[in-house]
Amino acid sequence: MVEHDDGIAGSGGLVSAPFSEAKTVSNSTTTALTGSGNNDAVNPRKIDVTSFNVAARHTGQFDAWMDSTNASLIGVSGAKATNTSNSNTAATVGNNGFVEADSFTIQAANAVKKGGPATANLPGVTSVTGAAVPVPTWNVNSSSGGLADVPAADSLTTISNSAIAKVGDGATMQQTGSMLAPGAFRVDASNQVNAKDRVKMASGGAVSAASGSSKVLADTNLAKVEVGDGATLSATGDLMLGARSIAGSIANPISTQTAVDVWGLVGVAPKGDSVSRFRADNRIEVGSAELRAQNDIRLNAGASTQYNPEIGSNTG
C-alpha cells in the first residue's frame with residue numbers, strides 16, 4: 001500500500017487567513033487463518049504436509065508534503081501535513097486445529113515506512129503547467145511576510161501497529177521428519193517502522209513570530225506470539241517463538257527536524273520542536289499448553305526466531 005499527498009498553497013492581499021493541509025490516512029487489516037481439525041483414526045480432519053506456512057504480512061508506505069506561502073499585508077498563515085497509519089496483521093492456527101508437517105513457519109508482520117518514493121519526481125503528479133514535480137525536501141515548507149504575522153508550520157504522524165501470531169486453544173502442531181536433520185519450527189510476530197520528517201518555517205515583517213513542529217509518534221507497536229490453553233506443540237529440533245518491534249535502523253533511525261527562521265524590525269523569538277517516539281510491546285504468552293522439543297525451546301521476547309544467543313545477533 002502506497003499513499004502520497006502533495007499540496008501547494010499561496011495567497012496575497014491586504015488581509016488573508018489561509019490554512020492549508022496535506023493528509024494521508026492508511027488503515028490495513030491482514031489475516032491468515034486455518035480452521036479446526038482432528039486426528040481421528042476413522043475419519044481424520046487434519047493438515048498433513050511437508051511444509052506448513054501461514055503468513056500475514058503488510059507493507060505500507062506513505063508521506064505528505066505541504067508548501068504554503070502567505071505574502072499579505074496582514075495575514076495569518078498555517079501549513080500542515082498529517083499522516084495516520086493503522087496496521088493490523090494476524091496469522092493463526094485455529095482452535096482445535098491439527099497439523100502435521102516437517103517444517104512450520106507462522107508469521108505476522110507489519111513494515112511501515114513514512115517517506116517518499118525512490119524516484120526523483122512524485123509519480124503521477126504534475127504542476128499546472130504539466131511539468132514533473134520533484135519529491136519535496138521538506139514535509140512542510142511555509143514562509144510569510146507582513147506587518148503583523150503569526151504563522152505556523154506543523155507536521156504530525158501517528159503510527160499504530162499490531163502483529164499477532166497465534167496457536168489457538170486445543171490446537172496441535174506435530175513436527176514430523178528426521179530428528180537428525182530437523183526442519184524449522186518458527187512462530188514470529190514483528191513490526192518495523194521507518195520514518196523521516198522535516199519542517200521549515202520562515203517569517204518576516206515589522207512584527208514577526210514563527211513556530212514549527214515536527215512529530216513522529218509510533219506509540220503502539222504490539223508484537224505478540226500467543227499459544228492457547230490446551231495446545232500442543234512438538235518439535236523434532238528447536239521450537240522457537242519470537243516477538244520483535246524495530247524502530248528504523250542504525251543507518252536510518254526514526255528522525256524529525258524543525259527549522260524556524262525569523263527576520264524583521266521586531267523579531268519575536270522563534271519556537272520549534274521535534275519529537276521522534278517509538279514504543280514497543282513485545283510479548284510471548286503461553287497458556288496452559290504443552291511444548292516439547294528434541295533440542296531447545298526458545299521464547300524470544302524482543303527478538304525474532306533468527307536470534308542467535310551465542311553471538312547476540314538477529315538476522316531476521
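Student: Let's start with threonine 258. Where in the chain's secondary structure is its place?

Tutor: Threonine 258 sits in strand S19, which covers residues 255–263. Keep in mind as we go that this is a predicted model.

Student: And which residues does threonine 258 touch, not counting residues up to four places away in sequence?

Tutor: Val199, Gly212, Ser213, Ser214, Gly272, Asp273 and Ser274.

Student: What does the secondary structure of the whole chain come to?

Tutor: There are zero helices and 26 strands. As for contacts, take those with a separation of 6 or more: 83% of them are made by residues 24 or more positions apart.

Student: How much of the chain counts as buried?

Tutor: Of its 316 residues, 41% do. The accessible surface comes to about 14600 Å², and carbon and sulfur atoms own 52% of that.

Student: How should I read the two sides of a strand?

Tutor: Here's the general idea: in a regular strand, side chains alternate between the two faces of the sheet. Now try strand S17, residues 232–235. Thr232 and Ser234 are on one side, Leu233 and Ala235 are on the other, and all of them are buried, so both faces are covered.

Student: Which strands pair with S17?

Tutor: Strand S13 (residues 172–175) pairs with S17 in the parallel sense over three bridges. Strand S23 (residues 290–293) also pairs with S17 in the parallel sense, over four bridges. For particular partners, threonine 172 is bridged to threonine 232 in S17, and alanine 235 stands opposite alanine 293 in S23.

Student: What about the nonpolar residues? Where do they tend to go?

Tutor: In soluble globular proteins, nonpolar side chains tend to be buried together. In this model, the largest nonpolar core has 28 residues, and Ile106, Met173, Phe185 and Leu233 touch the most other members. Strands that each supply at least two residues of this core include S4, S6, S12 and S17. S7 gives the most, with five residues.

Student: Leu233 again! What does leucine 233 touch, not counting residues up to four places away in sequence?

Tutor: Val167, Met173, Phe185, Val227, Leu239, Glu290, Leu291 and Arg292. Another core lies apart from the largest one; it has eleven residues, among them Ala22, Met66, Val140 and Ala153.

Student: Which nonpolar residues form a patch on the surface?

Tutor: Val286, Ile297 and Leu299 do, with about 240 Å² of accessible area together. Isoleucine 297 belongs to strand S24, residues 297–301. Its relative accessibility is 40%, so isoleucine 297 counts as partly exposed.

Student: Asparagine 300 is in strand S24 too. Is asparagine 300 buried or exposed?

Tutor: Buried, because its relative accessible area is 12% and the cut-off for buried is under 20%. Leaving aside neighbours within four places in sequence, asparagine 300 is in contact with Leu241, Gly242, Ala243, Ile284, Thr305 and Tyr307.

Student: Then what about a charged residue, lysine 224: buried or exposed?

Tutor: Lysine 224 lies in strand S16 (residues 211–227), and at 14% relative accessibility lysine 224 counts as buried. Not counting residues up to four places away in sequence, the residues lysine 224 touches include Ala163, Ala189, Arg283 and Glu285.

Student: How many salt bridges does the whole structure have?

Tutor: Nine. In one of them, lysine 46 meets glutamate 100, with the closest N and O atoms 3.3 Å apart. That pair links distant parts of the chain, 54 residues apart: lysine 46 is in the loop between strand S3 and S4, and glutamate 100 is in strand S7. Lysine 46 is partly exposed at 31% relative accessible area, whereas glutamate 100 is buried at 14%.

Student: Which residue forms a salt bridge with glutamate 290?

Tutor: Arginine 292, with the closest N and O atoms 2.6 Å apart. Glutamate 290 is partly exposed at 37% relative accessibility, and arginine 292 is partly exposed at 35%. Arginine 298 and aspartate 296 also meet in a salt bridge, at 3.7 Å from N to O.

Key:
Residues are numbered from 1 along each chain as its sequence is written. This is a predicted model: local features need pLDDT of at least 70, side-chain atom pairs count only at pLDDT 80 or more; totals for chains, interfaces and linings use all residues. Side-chain values use heavy atoms; hydrogens and water are left out. Buried means under 20% relative accessible area, exposed over 50%, partly exposed in between (1.4 Å probe, protein chains only). Contact means heavy atoms within 4.5 Å. Accessible areas come from the Shrake-Rupley method with a 1.4 Å probe; for residues, only the protein chains shown count as cover. Two strands pair if DSSP finds at least two bridges between them. A nonpolar core is a set of buried Ala, Val, Leu, Ile, Met, Phe, Trp, Tyr and Cys residues joined through side-chain atoms within 4.5 Å. Patches are made of residues with over 30% relative accessible area and no salt bridge: like charges are joined within 9 Å, nonpolar side chains (Val, Leu, Ile, Met, Phe, Trp, Tyr) within 5 Å. A salt bridge is a side-chain nitrogen of Lys or Arg within 4 Å of a carboxyl oxygen of Asp or Glu.
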